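Thanks for coming, everyone. I'd like to walk you through a model, so please have the sequence and the structure open while I talk.

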Amino acid sequence: MIRPLVEGGSEDPPLHRSDHGDHHDAAEVLGGEWREARGQRFLVVDRKYAPGYRHGRVALADCLPPDTGIWPRLHLLGCRAESGKLLFLDLETTGLAGGAGTYAFLVGCGWFDGATFRLRQFFLSNFGAERALLESVAELAAGTACVVTYNGKSFDLPLMETRFVLQRMPTPFADMPHVDMLHPARRLWREDDVECRLTNLERTLNGHEREGDVPGFEIPSRYFHYVRSGDARSLEGVLEHNRLDIISLAMFTARASQLLDDGPAEALTAREALGMGRLYERAGMTNEALDAFARAADRDAVDTTRSYPDDISRAEALRAHATLCRRLRRYETAASSWRRILELRMCPVAIAREATEALAVHHEHRERDLNAAKTFALRSLQLQATAARHQAVQYRLARLDRKMGSEPAIDRPSQSLFPLGY
């Protein structure tokens, strides 16, 4: 078996007290029980959360899935299953680099069981017990309809696959539908100045502030301290950190799924409505996407307490609305959204430039209003752009001048500088 390097040395990790028979220590400290298989012991910690459990201002009872076990529109987040058990998975590891030398010393699994939420943590007390631990994880995962993670596509599931392969075992997650909630969360709730971490989402969405939480960078060193000393007290906070991450993951999955099922009218912010629209659009739900973009763009429909981020979200929503309408050949509606972008006080330059260019195209080729087309083309020249874009606008102005029967006011650049579509 390949063993990871212990911090500060190159030798195999030494045996700790639990390997010499003192197994009750970690079990008592961490509130679990020892399991034995293949002559090796690992620790299992079980917790149950009743429907009245509150995570900040959100109660578990508000997050329960339907009787099928899966929310109707969870497929918009990536789950192909229509019924069955959802397994929420989160790992704590000996390092973030990945590869054969990185162990998942804590495998946390959560699932809804009727009106309660169950959480089981598999703790690797010594490296020789990894195969036995993985067998228990695979047994729990059997029959799971979908696994849900947070950044699991890049980290958790590849690491689990590596550990199963090294133990010459088939991974139970190989063909299982997978929802990585990091990506929907970024669409729905990310703020420009705040990293989209679970703890930040807890604070903004649930009103839950963790006290005494273990920073992620400390977790490997706490585990290695246990490996050396057998003292599990420093791991209490690690297991609680893992439990809170899984509970938060389940609640955010429920919120996103319920939002997508209830529709854009339930969005509380422009960013949330915009994210819903993008998820609907990706799934081919055109009408729902248009409704969501329209709500995100409506200043009176969502929270306006943070005007700067919301103005940016509205600009992005109007751009998405206009682009989708144009693809649907609803040109007048698209033009209306492009005009609304130019009315925003705080609009990203790139989006404003795209709006002026789109309106110049619309008025030249569809409205046949050359004066308006020229006005928007001139306006786009005032916005920062690349040299190629700038020269493309000059080409348009020269063409408009010719159509209007006047002499070009500017030199015509080479036609090769004019991109397709103009």
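Let me begin with a definition: helices (H or I, at least four residues) and strands (E, at least two) are DSSP runs, numbered from the N terminus. With that in hand, Ala270 lies in helix α8, residues 270-282. Two more words on the ground rules. This is a predicted model, where local features need pLDDT of at least 70 and side-chain atom pairs count only at pLDDT 80 or more, while totals for chains, interfaces and linings use all residues. Residues are numbered from 1 along each chain as its sequence is written, and side-chain values use heavy atoms, with hydrogens and water left out.

Back to Ala270. Is Ala270 buried or exposed? Ala270 counts as buried, because its relative accessibility is 0%. By buried I mean under 20% relative accessible area, by exposed over 50%, and by partly exposed anything in between, using a 1.4 Å probe and protein chains only. Ala270 is 24 residues from Ala294 in sequence, and their C-alpha atoms are 9.6 Å apart in space.

Now the overall picture. The protein has 14 helices and 9 strands, and 50% of its 422 residues are buried. I'll be using the word contact, which is heavy atoms within 4.5 Å. Of the contacts with a separation of 6 or more, 64% are between residues 24 or more positions apart.

On to the cores. A nonpolar core here is a set of buried Ala, Val, Leu, Ile, Met, Phe, Trp, Tyr and Cys residues joined through side-chain atoms within 4.5 Å. Which residues touch the most other members of the largest core? They are Phe88, Phe117, Tyr150, Met181 and Trp189, in a core of 75 residues. Helix α7 gives the most to this core, with 10 residues. A second, separate core has 47 residues, including Trp34, Phe42, Leu134 and Ala232. Do look at Tyr150 on your screens: leaving out residues up to four places away in sequence, Tyr150 touches Asp156, Met181, Leu198 and Leu249, among others.

Leu198 brings us to helix α5, residues 198-206. That helix is largely enclosed by the rest of the structure, because 7 of its 9 residues are buried. Gly207 follows α5, with a positive phi near 70°.

Compare that with helix α14, residues 387-403. Its 17 residues reach 24 Å from first C-alpha to last, close to the 24 Å expected at 1.5 Å a residue; that expected span is 1.5 Å times one less than the number of residues. The buried residues of α14 include Tyr395, Arg396, Arg399 and Asp401, and their cover includes α12 (349-365) and α13 (370-381). Just after α14 comes Gly405, with a positive phi of about 80°.

Speaking of phi, most residues other than glycine have a negative one. Asn151 is not a glycine, yet its phi is positive, about 70°. Asn151 sits in the loop between β8 (144-149) and α3 (152-166), and counts as partly exposed because its relative accessibility is 30%. Arg329 also has a positive phi, about 65°, without being a glycine. Its place is the loop between α10 (307-327) and α11 (331-343), and at 65% relative accessibility Arg329 counts as exposed.

Next, the aromatics. Rings of Phe, Tyr and Trp (its six-membered ring) pair if their centres lie within 6.5 Å; planes under 30 degrees apart count as stacked, over 60 as edge-to-face and the rest as tilted. A search of the whole structure finds 14 aromatic pairs. Why is the pair of Phe112 and Phe117 edge-to-face? Their planes are at 70°, with the centres 5.0 Å apart, so the pair is edge-to-face. Phe112 is buried at 14% relative accessibility, and Phe117 is buried at 2%. Elsewhere, ring pairs link Tyr103, Phe105, Phe123, Phe127, Tyr223, Phe224 and Tyr226 into a cluster.

Last stop: His178, in strand β9, residues 178-180. Its side chain makes a polar contact of 2.7 Å with that of Thr149. A polar contact is a pair of N or O atoms within 3.5 Å; within protein, one must be able to donate a hydrogen and the other to accept it, and residues adjacent in sequence count only if both atoms are side-chain atoms.
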